Amino acid sequence: MIDTFRFRPGAALAAALILGAAAPRPAAPAAVPEAAAAASRLFMQSCVRFAARPDALRSWAAGKALTPIVGKPAETYLFGLPGAVYRATTHAGDLMLVSQDSGSCSVIAENTPGPALLDQVNAALTAAGISYTVTQDGPDARAKDLHDRAYEAHQGTRRWLMLVSTAADPAGGEAILTSNP
């Protein structure tokens, strides 16, 4: 993961532990594009739209009837940092939305092929008129079974960092998409 992402101590650790702990599980062929599209769509609607605005993000999540996750299950995703966790149920499976009080936001998806997800994210950013530069694209320095693509993004006066970590196996596995203010 890139150094600029590491300024959010919990997010980098969460990505490494969550992604590194689970072996890639191939999705059914029909679910592959749907899983990538669902994860990208939730990321754009939540983490990108509400970057650095956790209260607005949480109001949006409540309005969309996302299921709040509390207690030990939420702690699994927050790693001791203050925040809120929600479950979004899609046809492609459940997605977790992690909102840290710092403004950092992540979407965690299972059974998602990395190449398809990266294509979806790039297309969604472009369609939304968000300019970006890919600052890293390759194996994670700490976990070789992960692939990291880091972005510096901006739209008007808004600027933020993003990291999309996927299982290096093209068949897929867990993925985490993170935006940081």
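Here are some friendly notes on the predicted model shown above, point by point.

1. **Overall layout.** Let's start with the whole chain. There are 181 residues, and buried ones make up 49% of them. The secondary structure consists of five helices and eight strands. Going along the sequence, these elements come in the order α-α-α-β-α-β-β-β-α-β-β-β-β.

2. Helix α3 spans residues 54-63, and its buried residues are Pro-54, Leu-57, Arg-58, Trp-60 and Ala-61. These five positions sit on the same side of α3, because the arc they cover around the axis is only 160°. Turn to the other side of α3 and you will find Asp-55, Ser-59, Ala-62 and Gly-63, which are exposed.

3. Is it buried or exposed? With 18% relative accessibility, Arg-58 counts as buried, since the cut-off for that label is under 20%. Its side chain forms a salt bridge with Asp-101, and the closest N and O atoms are 2.7 Å apart. Arg-58 belongs to helix α3 while Asp-101 is in the loop between β3 (93-100) and β4 (105-112), so the pair ties together parts 43 residues apart in sequence. Asp-101 itself is partly exposed, at a relative accessible area of 41%.

4. **The other salt bridges.** How many salt bridges are there in the model? The count comes to three. Besides the pair in point 3, Asp-137 and Arg-149 meet in a salt bridge, at 3.1 Å from N to O. This pair links distant parts of the chain, with Asp-137 in strand β5 (residues 131-139) and Arg-149 in strand β6 (residues 146-155), twelve residues apart. Asp-137 is partly exposed at 43% relative accessibility, whereas Arg-149 is buried at 11%. Asp-94 and Arg-87 also form a salt bridge, their closest N and O atoms being 3.4 Å apart. Here Asp-94 is partly exposed, with 39% relative accessibility, and Arg-87 is partly exposed too, with a relative accessible area of 30%.

5. Which residue following α3 has a positive phi? That is Ala-65, with phi near 60°, although Ala-65 is not a glycine. Ala-65 is placed in the loop between α3 and β1, and it counts as exposed at 63% relative accessibility. Lys-64 is also located in the loop between α3 and β1 (67-69). At 52% relative accessibility, Lys-64 counts as exposed, because that label applies over 50%.

6. **A positive patch.** Lys-64 comes up again here. Together with Arg-49, Arg-53 and Arg-158, Lys-64 forms a positive surface patch.

7. **Another positive phi.** Phe-79 is a residue other than glycine with a positive phi, near 50°. You can find Phe-79 in the loop between α4 (72-78) and β2 (83-90). Phe-79 counts as partly exposed, at 28% relative accessibility.

8. **Met-44 and Val-107.** Finally, have a look at helix α2 (residues 31-48), where Met-44 is placed. Met-44 is buried, having a relative accessible area of 14%. Met-44 and Val-107 are 63 residues apart along the chain, and their C-alpha atoms are separated by 9.7 Å.

Conventions:
Residues are numbered from 1 along each chain as its sequence is written. This is a predicted model: local features need pLDDT of at least 70, side-chain atom pairs count only at pLDDT 80 or more; totals for chains, interfaces and linings use all residues. Side-chain values use heavy atoms; hydrogens and water are left out. Buried means under 20% relative accessible area, exposed over 50%, partly exposed in between (1.4 Å probe, protein chains only). Helices (H or I, at least four residues) and strands (E, at least two) are DSSP runs, numbered from the N terminus. The arc is that of the directions from the helix axis to the C-beta atoms. Patches are made of residues with over 30% relative accessible area and no salt bridge: like charges are joined within 9 Å, nonpolar side chains (Val, Leu, Ile, Met, Phe, Trp, Tyr) within 5 Å. Accessible areas come from the Shrake-Rupley method with a 1.4 Å probe; for residues, only the protein chains shown count as cover. A salt bridge is a side-chain nitrogen of Lys or Arg within 4 Å of a carboxyl oxygen of Asp or Glu. Lys and Arg count as positive and Asp and Glu as negative; His and the chain ends are not counted. The place of a charge is taken as NZ of Lys, CZ of Arg, CG of Asp or CD of Glu.
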